[in-house]
Amino acid sequence: MSWFRSAVLYTALALGANAASADTAAVEALRDGDMKKLNFHEEAKPVPEVGLLDVEGGAQSLDQYRGKVVVLNFWATWCAPCRKEMPALDRLQAELGGEDFAVVTVATGRNPVPAIRRFFEENGIAHLPVLRDPQQALAREMAVLGLPITVILDREGNEIARLRGDAEWDSDSAKAIVQALIGG
């Protein structure tokens, strides 16, 4: 990432930018490499309240992530680009995940739990939650066509950006975008 882009970001943050009021143009200027595929929406889009499952079959919801900026990734065990990008998402969560930010992955469609566990084990995924959308209800409601699809949710749980295809989510550009959105 260029020094100039970093300077613009940190100057904006120093002047009081935060996730709620981050200047979209300033954040978009941080897009480099794969992050150029990340498209910010003019207006935040509400995300439907659709139930998800964990690997034990317990009910889960995206509501548990309210108050955080979320990188929400839709993937499947059979998806080769998903296999390529999942370790980068894991590294992003390990580095930046916490009180203000989370990477959340949702296995959508037919993904048997043993296959999900094997996928995580084979790819060294240790920091990501395992959520499932077996009937593709959330994916359908959010118009997820093809995999992987990654959306960014604001602290209120609204979709503010979307990236189609795989990306290097642990790149300097991706981390700068996330840090700008969380206000740090």
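# Exercises on a predicted protein model

Q136 is partly exposed, with a relative accessible area of 37%. Here buried means under 20% relative accessible area, exposed over 50%, and partly exposed in between (1.4 Å probe, protein chains only).

The model is predicted: local features need pLDDT of at least 70 and side-chain atom pairs count only at pLDDT 80 or more, while totals for chains, interfaces and linings use all residues. Residues are numbered from 1 along each chain as its sequence is written, and side-chain values use heavy atoms, with hydrogens and water left out.

## Exercise 1. Overall layout

State how many helices and strands the protein has, and in which order the elements run.

Solution. Step 1: take helices (H or I, at least four residues) and strands (E, at least two) as DSSP runs, numbered from the N terminus. Step 2: count them, which gives six helices and eight strands. Step 3: read from the N terminus on, where the order is α-α-β-β-β-β-α-β-α-β-α-β-β-α.

Then find what share of the residues is buried, and what share of the contacts joins residues 24 or more positions apart.

Solution. Step 1: of the 184 residues, 49% are buried. Step 2: a contact means heavy atoms within 4.5 Å. Step 3: among contacts with a separation of 6 or more, 78% are between residues 24 or more positions apart.

## Exercise 2. An aromatic cluster

Describe how the rings of W75, F119 and F120 are arranged.

Solution. Rings of Phe, Tyr and Trp (its six-membered ring) pair if their centres lie within 6.5 Å; planes under 30 degrees apart count as stacked, over 60 as edge-to-face and the rest as tilted. The structure holds three aromatic pairs.

Step 1: take W75 and F119. Their ring centres are 4.5 Å apart and the planes make 35°, a tilted pair. W75 belongs to strand β4 (residues 69–75) and F119 to helix α4 (residues 113–122), so the pair ties together parts 44 residues apart in sequence.

Step 2: take F119 and F120. This pair is also tilted, at 6.3 Å centre to centre and 50° between the planes.

Step 3: check the accessibility. W75 is buried at 0%, F119 at 1% and F120 at 7%. W75, F119 and F120 form one aromatic cluster.

## Exercise 3. Packing of α3 and α6

Give the angle and the axis distance for helices α3 and α6, and name the residues that make the contact.

Solution. Step 1: axes are lines fitted to C-alpha atoms, for helices over the stretch in contact, and angles run from 0 to 180 degrees between N-to-C directions.

Step 1: α3 (residues 80–96) and α6 (residues 172–182) pack at about 45°, with their axes 11 Å apart. That makes α3 oblique to α6; angles under 35 degrees count as roughly parallel, over 145 as roughly antiparallel, 65 to 115 as roughly perpendicular and the rest as oblique.

Step 2: on the α3 side the contact is made by L92, E95 and L96, and on the α6 side by K175, V178 and Q179.

Step 3: look at α6 as a whole. It has 10 of its 11 residues buried, so it is largely enclosed by the rest of the structure. Just after α6, G183 takes a positive phi of about 85°.

## Exercise 4. Backbone details

Step 1: The peptide bond from L147 to P148 is cis, with omega near -5°.
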